[in-house]
Amino acid sequence: MRWAFRPAGVGVNEQQGARIEEAIRRDEKLLIRWLTAKLGDSDVARDVAQSVFLRVWAFAETAEVENPRALIFKTAGNLALNEIKRRNRFKRRHVTPPVYAEDDPLNKVASREPTPERQASLREDVAIMMNAIDALPDRPRRAFMMNRFDGYSYKQIAQELQVSESSVEKYMIAALKELRVKLKNENGETSKILKFPATAKRCRT
Amino acid sequence: MSNPDSKNIDEVAAQWAARSISGDFSDGDRRALQRWLQANPSHAQAFDQYIEIAEQASDIADLIREDTLVRDLEKFSRESTNRRSWWVAGPAMAASIAAAGLFFFQSAPDIDNGWREFATARGETKEVRLADGSLVTLNTDTELRILMTDAERRIELSKGEALFDVVRDNDRKFVVASKAADTIVRGTRFNVEQTTNDTIVSVLSGVVEVDPIADEKNALPVTLIAGHAVVVHSSGAHDPVVAFNPDIVSAWRRGFERYENQRLAYVVSDLNRYFDRPIVIRDVALENLPVTGGFDVTNQALVVQALSAALSIRASNGPNGEIYLEADG
């Protein structure tokens, strides 16, 4: 029940506030049970749930929330994924992750409510990219998917595919070049390939 | 664009981009990259295009995973709601609980029990609950068999269409083998339709790997995510992945077929799967009429009525029980 009430300083109109409070009250226990099952730790689950509700309130400050439950679920999926990814990063480095902390500035960003139109256009973008990836030659395709989808390093991919690391790099270069040509042609422009909602994480420093 | 200099920049940019995402990029590498990027604005521009592709691919992976998590939460929520009403109902539900227990007892030992076969007649649908909790719903005129082993959960769809609600089991993959392709998943919701030669796979949630059967060079596996569908031909080739409306694909489970701007010829052949009396288009000119709408597939008379009213065509009885569609007038 703790998070049903809007945090101090949040300015939300009465009606909207009441609807969100009701949705949070209804789903809080469910959400914590689900997060506990996914993350294997009820304390972490509580912390993540808290972040979910804070984000929902932050979103409600700036926009009309049509379906509070959909927003809560979407935000929960997003934050659970962040937590899973954060742990995997540490697991790959063979160290124990620190306890859940909202250290990632991205975690503080307000949620976006998924509109059907947005979902649809996103699906189109995803389809274009997935088709281009599927059309790659077998090895570049597998290397690219392992690296981009599963976060494998070239060393790990080399072991998996039984080739040298420099071969993996060649596959990746081939994949990147091929994809650039494909996506450029299909979109008819050079610089921005897809209007994708990049979560702004540059590899460069 | 194609002068040798810019071509070279492009090549180096691709190399740097590939190296920077290798997972093994040292501070020294980083500084060298920095120097190269600052040497000329065109360097950064070329590099950015490759990095953007790499990032978009990762974003897509996140999107898929996030989507899968949200579906999982929705399912979790539905199941908890069901459980609650179950308890509230109390003793009144005792009989069905006993029945469910009996059902579970019957279905649980099907591991290593060999193939179990299921079929539906025209117009019939059937739900089969597997021992792992997954649900298979057979649509009209469908034949499939199921084999549960410790290694995998295997369905062979020889005819028709079925919707699969698969309970996740990381140790046992779930394979739907059909004429043109194997569809391989862990836990997700998807529809497989077997036409005469093609296999159509539509994914409602999660991620699905579709592996064509044919051993051809062009027979490459396809990865599908929620909201995407693909047609695999028996040659092993597949059409481009398309986005589809999930309501349309799963409508049959509620006794409806829905079409959006489909040719009448297609709609009729699709609807004919449900009924003993075949509908026959007698005028070639009618075949390309566009059809949009929902049809109650439990009632052929209504279907024919709706078609003839919407398209101004005339329906009559053929000599052997067929239903003829002809241009009106």
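**Exercises on a predicted two-chain model**

Helix α5(A) passes helix α6(A) in a right-handed crossing. The model is predicted, with scores of ipTM 0.75 and pTM 0.47.

**Exercise 1. Helices α5 and α6 of chain A**

Task: Find at what angle the axes of α5(A) and α6(A) cross, and classify the pair.

Solution: 
- Step 1. Locate the helices. α5(A) covers residues 138-150 and α6(A) covers residues 154-161.
- Step 2. Read the geometry. The two axes come within 10 Å and cross at roughly 135 degrees.
- Step 3. Classify. That angle makes α5(A) oblique to α6(A), because only angles over 145 count as roughly antiparallel.
- Step 4. List the residues. From α5(A) come A:Arg139, A:Arg142, A:Ala143, A:Met146 and A:Asn147. They meet A:Tyr154, A:Ile157, A:Glu160 and A:Leu161 of α6(A).
- Step 5. Sort by class. The contact has five nonpolar, one polar and three charged residues.

**Exercise 2. Helices α1 and α2 of chain A**

Task: Describe how α1(A) packs on α2(A), using axis distance, angle and residues in contact.

Solution: 
- Step 1. Two packed helices are described by the distance between their axes and the angle between them.
- Step 2. Apply them. The axes of α1(A), residues 14-39, and α2(A) come within 9 Å and cross at roughly 150 degrees.
- Step 3. Classify. α1(A) is therefore roughly antiparallel to α2(A), as the cut-off is over 145 degrees.
- Step 4. α1(A) passes α2(A) in a right-handed crossing.
- Step 5. Pick out residues. The α1(A) side includes A:Ile20, A:Glu21, A:Ile24, A:Leu31 and A:Leu39. The α2(A) side includes A:Val48, A:Val52, A:Phe53, A:Val56 and A:Trp57.
- Step 6. Sort by class. The contact of α1(A) with α2(A) has 15 nonpolar, four polar and three charged residues.

**Exercise 3. Two residues of chain A**

Task: Decide for A:Trp57 and for A:Ile84 whether the residue is buried, partly exposed or exposed.

Solution: 
- Step 1. Check its accessibility. A:Trp57 has 1% relative accessibility, so it counts as buried; the limit is under 20%.
- Step 2. Look across the sequence. A:Glu21 lies 36 residues from A:Trp57, yet their C-alpha atoms are 9.5 Å apart.
- Step 3. Check its accessibility. At 27%, A:Ile84 is partly exposed.
- Step 4. Find its partners. Beyond four places in sequence, A:Ile84 touches A:Leu39 and B:Leu69. A:Leu39 is 45 residues away in sequence and 7.3 Å away, C-alpha to C-alpha.

**Exercise 4. Chain B and B:Thr183**

Solution: 
- Step 1. Start with the chain. Chain B has seven helices and 18 strands. Of its 329 residues, 47% are buried.
- Step 2. Judge burial. Its relative accessible area is 0%, so B:Thr183 is buried.
- Step 3. Name contacts beyond four places in sequence. Among them are B:Phe174, B:Val176, B:Phe190, B:Val201 and B:Val210.
- Step 4. Over residues 83-112 of chain B, pLDDT stays under 50.

How values were computed
Residues numbered from 1 in each chain as written. Chains lettered and ligands numbered in written order. Predicted model: local features only at pLDDT ≥ 70, side-chain atom pairs only at ≥ 80, totals over all residues. Heavy atoms only, no water. Buried < 20%, exposed > 50% of the residue type's maximum accessible area, 1.4 Å probe, protein only. Contact = heavy atoms within 4.5 Å. pLDDT = per-residue confidence, 0-100. Axes fitted to C-alpha atoms, helices over the stretch in contact; angles between N-to-C directions. Helix = DSSP H or I, 4+ residues; strand = E, 2+ residues; numbered from the N terminus. Parallel < 35°, antiparallel > 145°, perpendicular 65-115°, else oblique. Left-handed = near helix turned anticlockwise from the far one by under 90°. Nonpolar A, V, L, I, M, F, W, Y, C, P; charged D, E, K, R; others polar.
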